[in-house]
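Hello,

Here is the structure you will be working with. Please open it first and keep it beside you as you read the notes below.

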Amino acid sequence: MSVAGDETPVLASSPPIRFREPQIEMAHGAGGKASRRLVEGLFAPLLFASSSEPLGDAAHLDFNGTRIAITTDSFVVKPLSFPGGSIGELAVNGTVNDLAVSGAKAEAMVVTYVLEAGLPTPVLEAEVRAMGNAARRAGVTIAGGDTKVVEHGKADSMYITTTGIGRPLHGLKIDARSVRAGDKILLSGPIGDHGITILLARGELDLEADLHSDTRSVFPLVEALVNAAGPGVRWMRDPTRGGVATSLNELARDCGLGIALVEEMIPVRDAVRGACELLGLDPLHIANEGQFLAVVAPEYANAALNALNMARGGQDAQMIGEVREQPSGAVLVTTRYGGSRIIDMLVGDPLPRIC
Amino acid sequence: MKFVDEFRDPEVITKTSEEIRRLADPNRHYRIMEVCGGHTHAIYRFGLKDLLPSNIELIHGPGCPVCVLPMGRIDDGLSIAQQPDVIFAAFGDMMRVPGTQGSPLEHKARGMDVRIVYSPSDALKLAQMSPEKHVMFFAIGFETTAPSTALTLVRAKAQSIHNFSVFCNHVTIIPAIRAILDSPDMRIDAFIGPGHVSTVIGCRPYEWIAKNENKPVAVSGFEPLDILQSIVMVLRQLKADEAKIENQYKRVVPWEGNHAALRAMADVFELRPYFEWRGLGFISQSALRIRESYAEWDAEQRFHVPGVRVTDPKAAQCGEVLKGVLKPHQCKLFGKECTPEHPIGALMVSSEGSCAAYFNYEHRKTAMVTSIASVA
């Protein structure tokens with residue numbers, strides 16, 4: 001996680017720490033409100049130079065006129081492999097996507113493995129191979145790495161951290177504060193595939209579905225969007241943990257405007273919808289690993305959507321709503337029959353509802 | 001999606017909504033209670049209040065199992081799980097419900113072995129796979145989930161699985177409805193009856209509500225159209241000055257209920273003389289306990305349970321909200337000390353709890369409309 005900004009980091013004296021919770025809970029890592037409190041209340045004041053900047057997916061830095069984008073992400077997933085992908089692939093695509101939605105093409109990355117003693121070599125080999133393949137597909141060089149091994153029982157098989165640098169695309173300024181009422185919201189494809197695939201792959205539910213993770217590099221789609229609508233692209237985000245609802249709530253907060261979504265325009269596969277109905281989950285809260293959201297100025301919106309639909313893997317992209325003055329700081333979903341509801345960020349992990 | 005989409009057809013929904021407007025007497029105020037938390041959730045999730053005239057007021061009932069569970073029971077369950085080699089297994093619904101020392105999830109983060117299961121039989125499977133541990137299933141729910149707990153206990157006994165027990169918090173819906181009707185500050189015109197519970201108990205147990213209390217009941221499904229149709233049914237009855245039990249959820253609910261499920265419950269459970277409900281107090285014969293013949297699998301008999309009563313924070317008005325006397329936002333703590341992230345009462349935890357539903361789906365919307373109105 002990082003702060004978007006061009007300044008060279010300089011630490012302020014006595015920063016205000018607002019994080020007052022006595023210990024770290026699982027929710028602090030779940031990507032919702034608690035995560036945000038931790039980052040904004042503890043990390044940002046102590047580590048980041050300009051904590052007033054909205055949090056972005058990658059930082060853009062300027063070294064005497066040379067601009068680079070940088071980001072890092074850690075991957076913890078159980079099971080390690082699942083239909084449509086595995087942790088190795090996620091680790092590459094996740095970082096490539098964080099750079100992509102900040103408006104940069106990933107060029108190189110370094111990798112850290114934290115391995116649990118006793119991990120079978122074939123499992124590791126499969127993940128390293130998956131990373132190599134994903135990196136080749138995304139056109140990114142893996143430039144180095146580090147390995148640590150911890151005692152058996154001190155880690156869950158393996159954790160992977162990837163840190164990537166990228167080249168910012170020209171003529172693009174991604175900033176939530178540039179978003180205006182009337183802007184359109186685009187979504188690259190169906191949501192919830194990854195989160196539901198993982199939930200089913202854990203084998204705790206006797207449910208089967210023909211579903212696979214959507215993990216992929218979204219850069220080709222971002223590039224198509226930027227080529228068609230570059231000056232009109234105001235904001236992008238990949239809705240991973242916490243889903244579309246969490247990303248759009250962050251946007252609403254950062255730009256101080258309201259987000260109005262039209263529920264029937266949001267693409268959701270039947271299998272995802274079915275699993276969500278059964279488990280009492282909302283697809284808008286489910287994680288994605290191969291989709292992104294974009295806010296585009298209205299005069300560019302049709303060109304942007306066409307470009308996405310024409311690009312490979314973008315045929316299901318949709319315009320799902322627009323930015324409005326109200327409800328300021330919140331996301332309002334209009335249902336198919338004229339009812340509406342506010343949808344908040346996810347609190348903690350999505351928990352299935354049974355009784 | 002079959003059985004879902006036809007009940008969300010915008011055209012039919014609009015027509016039904018128009019019918020409600022036609023049926024509702026503009027000079028009358030209607031208070032209709034939806035008993036079940038699942039209905040509360042659906043009403044907010046689909047924004048159904050936007051489709052009703054303002055003189056139809058929906059009152060959220062007591063049918064949210066985690067909401068009516070007193071904090072002391074959660075503490076008791078967690079205290080068992082604090083003993084060595086005990087796994088605490090429960091539905092996801094329970095995981096964020098606060099005890100005095102935090103929720104099961106918070107205990108998990110501190111090292112307790114807490115597992116989310118999707119059915120009691122999953123918990124039994126877990127016990128079979130972990131012979132060196134004891135798995136305690138924290139059972140919650142109305143008659144909807146009680147039969148599957150019963151069948152799991154039957155299986156545990158038949159297969160002699162001894163490292164498994166159930167901490168039973170199953171409650172029954174009828175005494176709760178009675179308590180609400182007996183409450184002096186409660187005026188309800190009609191009920192939207194529970195759907196899932198009725199798949200087990202059928203429609204007969206509600207007959208006294210029509211006969212003795214003269215209130216219409218429509219047993220309802222959970223899709224937007226189900227709920228709107230049920231409102232039409234009770235409005236028609238009110239208009240005709242009738243009171244009867246109607247079954248809107250016929251595709252799932254048999255009038256006579258599910259005999260096999262009821263038999264399994266009767267074999268394994270018996271009524272407790274009384275049980276404490278959060279917000280409603282002690283209600284006699286309102287909850288189930290495990291029969292003596294299954295004592296070995298009854299966590300309350302097998303382990304030492306402190307059994308401490310914990311009173312809710314004074315300022316919290318969960319009881320009034322549960323009974324429908326107050327709307328969620330009228331509670332002094334709503335949205336201030338008590339939020340879905342830092343819930344004080346369980347009503348703010350479960351997505352079926354009226355406070356959480358109101359907070360998540362409605363609260364800022366209402367605040368916004370009010371602020372726009374005040375500007376205008």
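Please keep in mind that this is a predicted model.

Overall build of chain A

Chain A contains eight helices and 16 strands. Its C-alpha trace spans about 55 × 55 × 45 Å along the principal axes. A compact globule of 355 residues would have a radius of gyration near 20 Å, and chain A agrees with this because its own value is 20 Å.

Strands around S9 of chain A

Strand S9 of chain A covers residues 158–168 and runs antiparallel to strand S4 of chain A, residues 66–75. Seven bridges join these two strands. To find the pairing on screen, look for Thr71(A), which stands opposite Gly164(A) in S9(A).

S9(A) is also joined to strand S7 of chain A, residues 104–116, and this pair runs antiparallel too. Here the number of bridges is 11. A place to look is Val110(A), whose bridge partner in S9(A) is Thr163(A).

Two helices of chain A

Helix H5 (residues 219–229) and helix H8 (residues 298–310) of chain A pack against each other. Their axes lie 8 Å apart, at an angle of about 145°. The crossing of H5(A) past H8(A) is right-handed.

Which residues make the contact between H5(A) and H8(A)? From H5(A) they are Leu221(A), Ala224(A), Leu225(A), Asn227(A), Ala228(A) and Ala229(A). H8(A) supplies Tyr300(A), Ala303(A), Ala304(A), Ala307(A) and Leu308(A). Sorted by class, the residues of this contact are 10 nonpolar, one polar and no charged.

Domains of chain B

Chain B is divided into three parts: domain 1 (5–65 + 173–247), domain 2 (71–170 + 272–302) and domain 3 (318–375). Note that domain 1 and domain 2 are each written as two stretches of the chain.

The C-alpha centres of domain 1 and domain 2 of chain B are 32 Å apart. Where the two domains touch, 11 residues of domain 1 of chain B are in contact with 11 residues of domain 2 of chain B. On the domain 1 side, the elements that give two or more residues are strand S2 (56–63), helix H7 (173–182) and helix H8 (196–201) of chain B. How many residues of each class does that side have? The side of domain 1 of chain B that touches domain 2 has nine nonpolar, two polar and no charged residues.

Regards

Notes: Residues numbered from 1 in each chain as written. Chains lettered and ligands numbered in written order. Predicted model: local features only at pLDDT ≥ 70, side-chain atom pairs only at ≥ 80, totals over all residues. Pairing = 2+ DSSP bridges. Helix = DSSP H or I, 4+ residues; strand = E, 2+ residues; numbered from the N terminus. Axes fitted to C-alpha atoms, helices over the stretch in contact; angles between N-to-C directions. Left-handed = near helix turned anticlockwise from the far one by under 90°. Contact = placed C-beta atoms within 7 Å. Nonpolar A, V, L, I, M, F, W, Y, C, P; charged D, E, K, R; others polar. Domains from an automatic or database assignment. Rg over C-alpha atoms; globule rule 2.2 N^0.38 Å.
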